[in-house]
Amino acid sequence: MEAKQAATQQDERKAIFRDSNFRWLIGGGAMSMLGDQFTLIALPWLVLKMSNDTLILGIVLALISVPRALFILIGGALVDRYSPKTVMLQTKYINTALLGILSLLLFIGRLELWMVYGLALGLGISTAFSIPSGTSMLPRVVPAAQLQSANGVMLGLRQLTMFIGPVLAGLLIALFGTANQSMVSDAHGLAAAFLFDCFTYAFSAWTLGKVTMKASPSASQHPQQAGNGTMQLFQSVLTGLRYCWNEQQLRSCFIYWAAIAFFIMGPIQIALPVMASQLSNSASTLGLLAGAHGAGTLLGMALSGIRPGLRFGNLGRTILLIDFIVGLLFIPMGLIHASWQGACILLAVGTLGGFLHVAVFTWIQKQVPPQMIGRAMSMFMFIFMGIGPVSAAFTGWLMRSVTIPQLFMSSGILLLVIVLLALVLSPMAEVSDRPTSA
């Protein structure tokens with residue numbers, strides 16, 4: 001009986017691409033994710049070409065990241081009130097307009113820095129609502145048996161676009177770039193990159209309109225909540241925070257992941273470029289290291305999609321074991337003398353992290369009731385988007401007084417300590433894939 005049930009579930013996962021609902025969602029989503037990479041390359045390049053000032057670049061990036069972190073919890077509450085599809089469609093319309101305006105102003109030579117500030121702020125606020133929408137969408141589109149496979153496909157495609165998107169963006173900017181002294185250098189190429197992202201948002205809005213969402217148990221409450229005003233919205237945010245805190249497993253996992261994010265994200269973002277410059281003083285070395293980590297992440301996501309039930313006991317013990325191994329890999333990271341050594345370590349770290357990424361996303365989506373999932377997923381994303389910049393800034397300050405080997409060794413040891421403390425003092429080891437919420 002169990003073998004027959006397992007075979008049935010496997011057939012359901014294989015049938016995911018025969019689901020036209022999922023195909024509409026993934027087709028537009030893949031295009032939009034590819035377009036995002038064009039803007040991620042074009043926007044910093046544009047700012048540097050306009051100002052030649054890294055401080056200005058930092059301000060523009062802050063105008064995107066800070067509002068995103070501040071508003072993402074409100075975005076999660078809106079997702080739970082109006083449904084992820086409704087919120088996502090609005091953000092796609094807004095981003096289509098913002099990128100269209102940016103592309104047009106750049107093409108006609110009328111773009112000024114203050115306009116870039118305003119457009120960056122708009123993109124940051126919009127992203128705060130699109131992220132919880134996107135992370136809450138799949139449970140309302142695909143059957144539960146296909147959820148982890150669907151997450152594996154979606155996250156794997158995101159990782160794939162992070163490979164090919166920057167290369168294609170660079171080629172497009174170079175192909176259409178201009179050297180006209182009266183305009184920003186590469187203005188036409190940059191305008192083409194933003195215009196492509198504009199098109200992908202419009203295209204993905206059209207495909208999303210074809211997606212049929214499954215009814216939420218709280219759907220009948222949305223019209224009533226919609227008229228309750230701003231105070232009701234903030235009350236909804238507080239309700240979501242209270243829910244995450246009162247659920248013991250969610251609380252333990254979120255606190256644990258916050259600690260992991262702080263001690264891992266900073267070294268990855270800041271120390272790797274410094275280490276690459278010490279190894280060969282070549283951008284190609286940094287590309288090799290980052291590419292190895294990205295390739296490992298993609299491999300781990302693919303493995304999680306192929307073997308969604310692969311566990312070492314249960315999900316909690318799997319998380320702790322994998323993070324313990326990552327800590328062991330971090331300790332010798334700063335002692336390498338060749339780029340291939342670092343690439344091998346980062347390939348392993350990325351594979352382990354990619355596997356966990358899909359498993360954890362799926363666990364939250366199954367663990368949390370549908371009427372709370374937007375707020376729970378926004379809290380999960382807030383941990384990494386809010387702590388990531390703090391971790392990077394702290395690491396940059398810390399590296400004024402410590403060496404690369406000391407930094408990686410300290411991070412690795414701290415990660416091992418966090419895992420052991422979580423094993424002994426928290427219920428992390430008891431976290432199961434089986435939902436506990438009604």
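Visitor: Of the contacts in the protein chain with a separation of 6 or more, what share comes from residues 24 or more positions apart?
Guide: Keep in mind that this is a predicted model. Taking the contacts with a separation of 6 or more, the part that joins residues 24 or more positions apart is 85%.

Visitor: How many helices and how many strands are there in the protein chain?
Guide: The chain runs to 438 residues, and 49% of them count as buried. As for the elements, the tally is 0 strands and 15 helices.

Visitor: How are α4 and α7 oriented relative to each other?
Guide: Helix α4 covers residues 84-107 and helix α7 covers residues 187-209; their axes lie 8 Å apart at an angle of about 160°. Angles over 145 degrees count as roughly antiparallel. That is why α4 and α7 are described as roughly antiparallel.

Visitor: And how do the residues of the contact of α4 with α7 divide?
Guide: The crossing of these two helices, α4 and α7, is left-handed. The residues of their contact split into 3 charged, 7 polar and 17 nonpolar.

Visitor: What about α2 and α7: how do they run relative to each other?
Guide: Helix α2 spans residues 20-51, and its axis comes within 8 Å of the α7 axis, crossing at roughly 160°. The crossing of α2 and α7 is left-handed, and the contact residues comprise 18 nonpolar, 8 polar and 2 charged. With the angle over the 145-degree cut-off, α2 and α7 are therefore roughly antiparallel.

Visitor: Let's zoom in on one residue. Is Thr-207 buried or exposed?
Guide: Thr-207 sits in helix α7. Leaving out residues up to four places away in sequence, Thr-207 touches Trp-24 and Gly-28. Its relative accessible area is 3%, and buried means under 20%, so Thr-207 is buried.

Visitor: Which side chains meet in a salt bridge?
Guide: Searching the whole structure turns up 1 salt bridge. Its N to O distance is 3.8 Å, and the partners are Glu-430 and Arg-317.

Visitor: How many residues apart are Glu-430 and Arg-317?
Guide: Glu-430 belongs to the segment after α15 (404-425), while Arg-317 is in helix α12 (residues 315-330). The pair links distant parts of the chain, with a separation of 113 residues.

Visitor: What do Glu-430 and Arg-317 count as in terms of relative accessibility?
Guide: Glu-430 has 49% relative accessibility, and Arg-317 has 39%.

How values were computed:
Residues are numbered from 1 along each chain as its sequence is written. This is a predicted model: local features need pLDDT of at least 70, side-chain atom pairs count only at pLDDT 80 or more; totals for chains, interfaces and linings use all residues. Side-chain values use heavy atoms; hydrogens and water are left out. Axes are lines fitted to C-alpha atoms, for helices over the stretch in contact, and angles run from 0 to 180 degrees between N-to-C directions. Helices (H or I, at least four residues) and strands (E, at least two) are DSSP runs, numbered from the N terminus. Angles under 35 degrees count as roughly parallel, over 145 as roughly antiparallel, 65 to 115 as roughly perpendicular and the rest as oblique. A crossing is left-handed if the near helix is turned anticlockwise from the far one by less than a right angle, and right-handed if clockwise. Ala, Val, Leu, Ile, Met, Phe, Trp, Tyr, Cys and Pro count as nonpolar, Asp, Glu, Lys and Arg as charged, and the others, Gly among them, as polar. A salt bridge is a side-chain nitrogen of Lys or Arg within 4 Å of a carboxyl oxygen of Asp or Glu. Buried means under 20% relative accessible area, exposed over 50%, partly exposed in between (1.4 Å probe, protein chains only). Contact means heavy atoms within 4.5 Å.
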